[in-house]
Each structure stands twice: as structure tokens, then as C-alpha cells.
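Hello,

Here is the structure I promised to hand over. Please open it first, then read my notes below.

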Amino acid sequence: MDHVSFHSSQHVHNTQDGREEGWKMLLDNIASNALHDSSARFDAPKCDEGTRVEVTKELFDWIQDRAGKSALQQTIAGKCAESNTLGSAFFFSAADPTRNNLSYIVPTIAYQLGLRNTSLRDAIGKAVKDDPPVFKKTLRIQMETLIVAPFQRVRASGGLDSSTFPHAILIDGLDECSGEDNQDELLSTIKHCLLDNDLPFRIFIASRPEWAIRTALDSDPEGYLYQLAYHIKLSDMYDATGDIRRYLWTRLRGIGSRSRDRRAQSHLWPTKEDIGKLVAAASGQFVYAATVVKYVSERRGSPVDRLRAIIDWTPKGGQQTRPLELLDNLYRNILSTAKELYEAVDTNQGRDFLLLVRAHQLNSHVRIQYSARGFDEIISLEEGGHQVLFSDLHSLIFVRQSPNWTEVWEEMRFYHLSFSEFLDSEFRAQHLFVSEMRVRQYMVGSCLQKLLQYEAFLDERSFYWIIKALGFYSGNQIAYVDDLRLVDFTRNNGWGRIDERLSSHIEIAFFDFMTWEGLARFTINTIKHLNDELHERKLADIVKSYFDKWKEIYEKDGFTEKAEEKEYLVDF
């Protein structure tokens with residue numbers, strides 16, 4: 001989760017003749033559930049004592065310096081309230097219709113600010129009384145009418161001292177506000193209304209790094225908030241491993257002390273080994289640890305047994321329990337939203353978002369790994385297509401870059417180990433699951449299509465990578481190949497195209513044994529399949545004739561002997 005903070009100098013207005021009727025109308029248009037101390041958020045997560053100390057201190061120091069995620073945001077809100085610096089807070093929630101959109105945010109912020117000063121409250125009430133339909137107008141007009149203008153008037157008349165006014169405005173979970181355009185509208189409204197005016201507020205926004213916030217904050221190209229924001233990327237700057245370990249110890253020991261299970265009351269529970277496994281699985285992310293604690297704390301069951309269910313649970317174990325269901329719901333929501341947004345783009349229509357993400361995931365785990373850029377070509381994406389593919393998954397996935405002797409190497413990586421495991425498990429991913437077999441079939445089909453349709457345009461390096469991928473993803477199972485595509489490839493001289501490149505364009509040294517091994521395995525499996533299952537003996541003979549030729553070509557370099565040792569070359 002990214003945390004973004006803004007400072008706007010100072011600005012306000014005053015009106016003493018506010019109307020109680022207008023204030024009551026305002027109350028009808030706020031989201032009380034979004035307040036930091038709302039009873040609807042009685043179990044809102046907060047940072048435990050001794051955790052997130054560095055980042056909490058940095059953020060709180062920034063808020064207190066007038067010159068200059070949810071658990072963390074909740075902690076900051078509490079500290080600001082204690083120090084009388086909290087002007088307002090709004091906690092978005094995708095599951096709550098009063099706080100998953102922009103309908104209530106400005107009235108809710110205005111309401112809280114009005115509570116801090118009687119004159120400001122009166123000015124806001126009068127603004128509503130003078131313009132009752134304001135709640136149906138654009139976000140910018142709402143903010144100008146209900147916050148900016150009243151604040152400026154009250155300050156100008158001396159009814160408010162901006163140097164002592166509670167100035168922190170906290171907005172949590174912007175990514176849970178439905179619609180990218182709505183998220184962008186809120187950010188641009190904050191800039192034009194609060195930052196571009198002389199107002200004293202510090203605006204602290206916590207969000208996963210989805211499209212709207214990244215676009216506004218990116219340095220290249222420079223976003224419209226880049227120069228104004230104090231941007232903290234928690235995943236990059238703070239190692240939460242120690243905090244997570246302390247959090248788990250403290251919370252689980254507390255649960256054990258209140259349990260009726262004597263095993264949980266023992267000072268030996270949980271074990272250091274248990275905590276170590278949980279910390280490793282968390283991958284530095286509090287969301288996993290918080291999910292574990294919530295599951296273990298359920299009263300209907302022993303905390304010892306529930307913790308063991310999490311530690312021992314595997315996607316192939318046949319268990320019916322869902323210890324990570326809360327976390328999986330989060331993953332499903334993020335993945336479903338990203339899928340909908342990606343496939344809605346005209347140029348992406350017809351593409352299977354989940355299949356492409358899963359393909360990149362498998363590529364990141366295999367021993368023959370391709371750069372993300374090169375892999376885009378293999379799976380028929382445009383250059384840099386992986387960046388668009390991952391654009392709404394930045395809270396879960398990042399692309400690591402490292403210099404290579406020929407190019408900048410890019411590889412897909414996960415912030416959460418549990419998310420990669422989620423993608424691997426049909427039990428957890430449910431309707432979003434894509435099997436490895438489907439990915440392999442798609443990969444092999446894509447390779448055959450490129451060899452058949454674009455062979456003439458493939459440079460030597462691209463041809464090499466495609467042949468290598470064809471051999472690797474087909475593996476030892478011809479089931480990874482679509483029968484119709486295989487027959488079509490053979491009938492349309494696909495093997496002849498490969499032969500032409502092998503015979504005249506590819507240098508032997510460039511075409512290494514591992515690549516030849518994969519091609520040999522795929523060719524042999526094809527011959528068997530055409531003969532035995534499809535009864536296409538003439539086509540099988542065509543493939544065998546090329547294979548026999550390739551054996552002779554590579555025999556002099558010892559490739560054939562190596563393959564024979566592995567029993568890849570057989571008598572037909």
C-alpha cells in the first residue's frame with residue numbers, strides 16, 4: 001500500500017450567520033461509517049505497540065510539521081485525534097455502499113471540520129442552506145462550496161486561527177472507491193481545491209498503488225501530483241518482517257491466554273518454528289498476518305487447531321477448511337477488477353487476462369526463464385504488453401529490472417508469496433483459476449502459430465526463443481498440444497519452415513543442446529501422436545523425415561549421443 005501526503009499552505013473564509021437547517025441537511029449526506037471512530041469499524045485494524053514505529057513516526061512528524069495502510073492509517077488517525085491535529089478522516093470500503101463511491105466524502109469531511117470550530121460550522125450550514133442541491137453537483141463544486149469558501153470566509157473574519165486549527169485530513173483505501181475515473185476525480189479535486197488554494201491542511205492518503213494514484217504520482221511521465229506529494233512506498237522503504245514477527249507473537253499469545261484450551265495457554269504455544277513459518281509466508285505483508293490472527297481468534301474452535309490448519313494447509317491436501325478465506329477474498333476482488341478493466345479496452349478484447357497473467361507467473365518460476373519483454377512476444381503481446389497487463393495489479397506484482405549484457409532484463413515478482421500460491425490453487429482462486437495445462441496448451445499453440453505465420457519475419461534470436469519455448473512448454477505430454485493446430489501446422493509446411501531455418505540460418509553454437517533436446521522431444525511426441533492417436537500416418541512420415549535429417553545435422557556435435565542417453569531418440 002502506498003501512502004501519499006500533501007501540504008497546502010493556508011486559506012479560509014468565515015460566516016457567522018450559518019443556518020442550523022443547512023447543517024442538518026449536511027448530516028443527511030454524510031457517511032458515518034467512514035469516520036475513524038465509527039462503531040461500524042469497531043474492529044478496525046491498528047498497528048500494535050512496537051510495530052511500524054519508523055514509518056508511523058515519519059508520517060506523524062510530517063503531519064505535525066506545519067511548515068513543511070489501513071492499520072497504519074487508523075493508528076495515525078488515533079494519534080492525530082489525541083494530539084488535536086485531526087481535522088477529518090474518511091475510510092473507503094468496497095463492501096459498504098456509503099463509502100465505496102464519492103457521494104458522501106465531501107459532506108463527511110466538511111461535517112468533521114465544522115465540528116472543530118463553531119463559526120466554520122455555521123458557515124458550512126449557511127452554504128448548504130443557500131444551495132440545497134449542492135450534494136448532487138460535481139465533486140469540485142461540492143468541495144469549493146462546503147469546504148474551501150466557508151474556511152476562507154471564517155479565517156478572513158478572524159473566527160478561526162489556521163495555525164491552531166486541526167489540519168490533518170486522512171483518506172484511507174482510495175483503491176476501494178469504485179471506478180478509476182472516480183479515484184482520479186478525487187485526486188484532481190484535492191489538488192485544485194485544497195492544494196492550489198492557501199489552505200493549512202495536510203492531506204494523508206493511503207492506497208494500493210493502482211492506476212489513478214500511480215498516474216498522478218509517477219515521475220516519468222511526470223504526474224500532476226508528483227511535485228506536491230510526499231510519497232512513501234511501504235514495500236520499498238520499510239522491512240516489516242520484525243514488526244510482523246512481534247505482531248504475531250503478541251496477538252497469538254494474547255489469544256492463547258484467553259482460550260479455554262490448555263495447550264494454547266502454555267508458554268510453549270505458539271512455537272518459534274510456527275512463527276517462523278508464518279513470517280516467511282507473510283512475505284513482509286501485514287495483510288497475511290492480520291488474516292492469520294483473525295482466523296485463529298474465532299471463538300468456535302481451538303486456536304491451536306486453527307493455527308495448525310493454517311500452517312499445515314496445502315492446496316493439494318484435500319482439506320475443506322478455508323483458513324485464508326479473508327485474504328483470498330481480497331485477492332479475488334483485486335484480480336476480478338483488474339480483469340474487467342483490462343478486457344474492456346478495445347485493443348485487449350478477445351484476450352484472456354487471467355491466462356496471460358498465469359503464463360507470466362509460470363515463466364517467473366521455471367528454470368528456463370524469459371525476460372518479461374521477450375515473453376510478451378512469445379505469448380503474442382505487443383512490446384511492453386506486460387506493463388499494461390499488470391497495471392491494476394501493482395499492489396500484488398512488481399517487475400524487477402536488472403542490466404543484462406544485451407538488454408535490461410525484466411522479471412515478474414510477487415510482493416506476497418501467498419498470492420502466487422493463490423494463483424496455483426483452484427480451491428483458493430475458484431472461478432479465477434487457470435490450470436497449468438491450459439497455459440501450456442496456449443504457449444505451444446502460440447509458438448506454432450508464430451512459426452507458421454511469421455517465420456519469415458522472425459530474427460535469429462526470436463526464432464531461437466520460440467523453439468526453446470516450444471520444447472519446454474510441450475514437455476513430455478502431447479496433451480499440451482491442440483490436435484487441430486498440430487495437424488494444421490504439419491499440413492502447412494510448419495516443419496519445413498523450421499528445417500529451413502535450422503539448415504541455413506541458425507549457427508550450431510547458438511542452437512544449444514537444451515533447445516535441441518526440447519525440439520527433439522516435441523518432434524518425437526508429435527510423430528507418435530499422429531501415428532497412434534490421430535491415425536495420420538502420412539503426416540507422421542513427413543515429421544519423421546525432418547527428424548531423421550536433423551539427427552544427421554547435429555550428430556557431429558554430439559547432441560544425438562546426449563539425447564540417446566536420455567532415451568529421447570528411439571527407433572521408429
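A word on names before the findings. Helices here are DSSP runs of H or I with at least four residues, strands are runs of E with at least two, and both are numbered from the N terminus. By that rule, Pro270 falls in a loop, the one between α11 (262-265) and α12 (272-282). Please keep in mind that this is a predicted model.

**Overview**

The protein chain has 572 residues, and 54% of them count as buried. It holds 27 helices and seven strands. Its accessible surface comes to about 26,300 Å². Carbon and sulfur atoms account for 47% of that surface.

**Confidence**

Mean pLDDT for the protein chain is 79. Of its residues, 78% reach 70 or more. Two stretches call for care. Residues 8-18 stay under 50 in pLDDT, and the model gives them 66 contacts beyond four places in sequence. Residues 559-572 are also below 50; that stretch has 29 contacts in the model beyond near neighbours in sequence.

Start with β3, residues 168-172. How many of the residues of β3 are buried? Five of five are, so the strand is mostly covered. Ala168, Leu170 and Asp172 point one way from β3. Ile169 and Ile171 point the other way. Residues on both sides are buried.

β3 pairs with two strands. With β2 the pairing is parallel and runs over five bridges. There, Phe91 has Asp172 of β3 as its bridge partner. With β4 the pairing is again parallel, over five bridges.

How does the chain get from β3 to β4? It passes through helix α7 (residues 180-195), and this β-α-β crossover is right-handed.

Now β4 itself, residues 202-207. Why is β4 described as largely enclosed by the rest of the structure? Because six of its six residues are buried. Both faces are covered. Arg202, Phe204 and Ala206 are buried on one side. Ile203, Ile205 and Ser207 are buried on the other.

**Asp96**

Next, a loop residue. Asp96 sits between β2 (86-91) and α4 (105-115). Is Asp96 buried or exposed? Its relative accessibility is 12%, so it counts as buried; the cut-off for buried is under 20%. The side chain of Asp96 makes a polar contact with that of Thr98, at 2.8 Å.

**Gly254**

Gly254 belongs to helix α10 (residues 241-258). At 16% relative accessibility, Gly254 is also under the 20% limit, so it counts as buried. Ala264 comes 10 residues away from Gly254 along the chain. The C-alpha atoms of the two are separated by 9.6 Å.

**Backbone details**

- Trp269 and Pro270 are joined by a cis peptide bond, with omega about -10 degrees. Pro270 is in the loop between α11 and α12.
- Ser380 has phi near 65 degrees, a positive value in a residue other than glycine. Its place is the loop between α17 (372-378) and α18 (385-389). Ser380 has a relative accessible area of 33%, so it is partly exposed.
- His535 has a positive phi too, about 55 degrees, and is not a glycine. The loop between α25 (513-532) and α26 (537-555) holds it. Is His535 buried or exposed? At 52% relative accessibility, it counts as exposed, because the cut-off for exposed is over 50%.

**Where to begin**

I would open with β4, where six of six residues are buried. Then follow the chain back through α7 to β3. From β3, step across to β2, its parallel partner over five bridges. After that, visit the cis bond at Trp269 and Pro270. Leave residues 8-18 for the end, as their pLDDT stays under 50.

Best wishes

Terms used
Residues numbered from 1 in each chain as written. Predicted model: local features only at pLDDT ≥ 70, side-chain atom pairs only at ≥ 80, totals over all residues. Heavy atoms only, no water. Buried < 20%, exposed > 50% of the residue type's maximum accessible area, 1.4 Å probe, protein only. Pairing = 2+ DSSP bridges. Right-handed = clockwise from strand over helix to strand, strands pointing away. Areas by Shrake-Rupley, 256 points an atom, 1.4 Å probe, with all protein chains shown as cover. Polar contact = N/O pair within 3.5 Å; in protein donor to acceptor, adjacent residues only side chain to side chain. pLDDT = per-residue confidence, 0-100. Contact = heavy atoms within 4.5 Å.
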